[in-house]
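Have the viewer open as you read.

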Amino acid sequence: MDTDPDFARLIVEGAAAPVEGWAFDWLAGRATEERPPWGYARMVAERMATADAALDVDTGGGEVLAEVPRPPRLLVATEGWPPNVPVARRALRPLGATVVAVTPDAPLPFRDASFDLVVSRHPVRTDWPETARVLRPGGTFLSQQIGPGTVRELSEAILGPLPPPAQRHPRQAVAAARAAGLTVVDLREATLRTVFNDIAAVVWFLRKVVWTVPGFTVDRYRPQLYALHRRILAEGPFVAHARRFLVEAHRPARSGRS
């Protein structure tokens, strides 16, 4: 594999490209992924236009929030990955948003009933009790989440056969929302074709979407990457399937939770 100049060049390209933020522009021409049919960014913009105080949890680099044309009076975002925090602050400064660096798995650093809208795209983990706590009575939580076994084909190409996914099932999200006192009013699911045209795209994706192959490094998985490179050359682009679901939940308008 080390004598294959194309493989070596592509590996270097994928390993050197920056992965800060949560945009995927670097993959242009190298990989594609279908978009969910519900239009999450549009839904967020519509709800932001009528909100008074809103929170974006796990904002990444602020990519979705930065596109909101009519931000609410109070707009706050949290981010737990340190390299993304300055990226998000730059992106969201024109909206007057405050970006708060947080520690993963820590409680949200806000008072009870602070927001009438909480949104989150692809959160690492949804803390449903904390989400319910910071929502005002009558408030809304809207989130596009990663579904079970997303791009499983790619995970198995690197790691080998895996057991059925035990986490991220939509029914688990619904049960957790209800247990936190929220009412689920919308749930949608989608399976999206994801195509990798070269091994550089695979390397960059695995560096960025770290839960696909936990602990991924090029050196650790070089033989598997070379096998996948040869497969792409022989069979054409590598196809996997991303899974997403949309969940919308409301905190009941009465002051208590039930």
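Of the 258 residues in the protein, 49% are buried. Keep in mind that this is a predicted model. As for the surface, the protein exposes about 12300 Å², and carbon and sulfur atoms supply 54% of that area.

How does the overall size look? A compact globule with 258 residues would have a radius of gyration near 18 Å, and the protein's 20 Å agrees with that. The C-alpha trace spans about 65 × 40 × 30 Å along its principal axes.

On secondary structure, the protein has eight helices and eight strands.

Now for one helix pair. Two packed helices are described by the angle between their axes and the distance between the axes. Here the pair is α5 and α8, whose axes come within 8 Å and cross at roughly 120 degrees. Angles of 65 to 115 degrees would count as roughly perpendicular and those over 145 as roughly antiparallel, so α5 and α8 are oblique to each other.

Which residues in α5 and α8 meet? The table sorts them by helix.

| Helix | Residue range | Residues in the contact |
|---|---|---|
| α5 | residues 152-159 | L154, A157, I158 |
| α8 | residues 222-235 | Q224, L225, L228 |

By type, the residues of this α5 and α8 contact are five nonpolar, one polar and no charged.

Key:
Residues numbered from 1 in each chain as written. Predicted model: local features only at pLDDT ≥ 70, side-chain atom pairs only at ≥ 80, totals over all residues. Heavy atoms only, no water. Axes fitted to C-alpha atoms, helices over the stretch in contact; angles between N-to-C directions. Helix = DSSP H or I, 4+ residues; strand = E, 2+ residues; numbered from the N terminus. Parallel < 35°, antiparallel > 145°, perpendicular 65-115°, else oblique. Contact = heavy atoms within 4.5 Å. Nonpolar A, V, L, I, M, F, W, Y, C, P; charged D, E, K, R; others polar. Rg over C-alpha atoms; globule rule 2.2 N^0.38 Å. Buried < 20%, exposed > 50% of the residue type's maximum accessible area, 1.4 Å probe, protein only. Areas by Shrake-Rupley, 256 points an atom, 1.4 Å probe, with all protein chains shown as cover.
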